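Hello,

Here is the structure I promised to pass on to you.

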Amino acid sequence: MEKIILHGAKDYFDERGNRVIGYIPENIEIQFIGENALIEVGENFNVRGEGKRFRLCSNSRLIIGNNVKMGEWGTFNAYEEGVIEISDNARFADGSFISVYQNAKIFFGKDFSMEEGNTILCLPYNLISFGADTMMSRSVFVQSNDGHPIFNVNTGENLNCTKEICQQRKIIIGDHVWIGQSAILLYNTDVGSGSIIGAGSLVKGKFPNNCSIAGVPARIIKSDVAWNRHYDDSFESIPEEWRKNTIFPAI
């Protein structure tokens with residue numbers, strides 16, 4: 001099926017059922033590949049510079065909240081039945097590559113922020129969720145499953161990407177989590193609210209709230225910590241729900 005390519009759009013609808021609700025500026029290239037895809041944009045959507053692309057396949061959705069800001073030279077891909085949902089006041093710097101595959105979903109909470117050069121891949125039937133006020137540094141890599149199928153050579157069994165396996169593979173990042181530069185986040189990861197992920201860490205597993213984790217593989221290096229975005233912010237300015245004693249998850 002031939003691509004439909006637009007440079008910006010406002011309240012658009014075509015004969016294939018593809019839709020844009022709201023206004024997308026002309027410096028974004030929109031590609032509809034298939035039918036019944038939806039882009040819904042809130043108020044005050046702001047995109048700086050050139051090179052930003054939205055690419056949607058059949059029955060996919062890209063939902064953008066109010067007051068969202070994006071830099072230049074980045075791509076948002078949504079394959080068949082894939083969903084990308086961005087909450088209010090989120091900010092994406094230059095050079096982000098975000099791709100959601102078939103029947104998968106990526107969610108960005110309110111006030112989420114991302115610096116330059118990050119890659120997020122949500123593979124079929126998986127879920128990636130970032131909580132409110134999560135802060136992602138530069139060159140972070142997030143992938144929700146193995147990139148290719150792996151088989152048992154004796155039985156032919158698919159070991160890693162049947163539908164049933166994929167539906168269980170998730171990455172859940174709580175509210176107000178600081179993700180350090182060049183961290184790698186893999187599937188079956190759950191990081192509690194208020195925590196810190198150290199630069200260059202390889203993260204896989206379940207971690208509690210208000211802890212600092214680092215290393216390859218990542219492990220807890222400090223508990224009962226809280227953080228703020230700005231040097232001049234006080235401890236008291238951190239909302240109480242983001243500065244609790246560490247509660248360790250049940251094993």
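Below is what turned up, starting with the sheet and ending with one aspartate.

Please bear in mind throughout that this is a predicted model.

Nine strands make up an open sheet with mixed pairing, in the order 4-7-10-13-16-19-21-23-24. Its edges are strand 4 (46-47) and strand 24 (219-223), each of which pairs on one side only. If you look at strand 7 (residues 69-70) and strand 10 (residues 91-92), you will see that they run parallel and are joined by two bridges. Met70 has Phe92 in strand 10 as its bridge partner.

**The aromatic rings**

How do the rings of Phe54 and Phe76 meet? Their planes stand at 85°, over the 60 degrees needed, and their centres are 5.7 Å apart, so this pair is edge-to-face. Are they buried or exposed? Both Phe54 and Phe76 are buried.

Phe92 and Phe108 also form an edge-to-face pair, with 5.1 Å from centre to centre and 85° between the planes. This pair, too, links distant parts of the chain, as Phe92 is in strand 10 and Phe108 in strand 12 (residues 105-108), 16 residues apart. Phe92 is buried, and Phe108 is buried as well.

**Asp11**

Finally, have a look at Asp11, which lies in strand 1 (residues 4-13). Its relative accessible area is 52%, and the cut-off is over 50%, so Asp11 counts as exposed. Which residues does Asp11 touch, leaving aside those up to four places away in sequence? They are Val20, Ile21 and Gly22. With Gly22 there is a polar contact: a polar atom of the Asp11 side chain lies 2.9 Å from the backbone nitrogen of Gly22. As for Thr119, 108 residues from Asp11 along the chain, the C-alpha atoms of the two are separated by 29 Å.

Happy browsing, and do write back with any questions.

Best wishes

Note on methods. Residues numbered from 1 in each chain as written. Predicted model: local features only at pLDDT ≥ 70, side-chain atom pairs only at ≥ 80, totals over all residues. Heavy atoms only, no water. Pairing = 2+ DSSP bridges. Helix = DSSP H or I, 4+ residues; strand = E, 2+ residues; numbered from the N terminus. Phe/Tyr/Trp six-rings, centres within 6.5 Å; stacked < 30°, edge-to-face > 60°. Buried < 20%, exposed > 50% of the residue type's maximum accessible area, 1.4 Å probe, protein only. Contact = heavy atoms within 4.5 Å. Polar contact = N/O pair within 3.5 Å; in protein donor to acceptor, adjacent residues only side chain to side chain.
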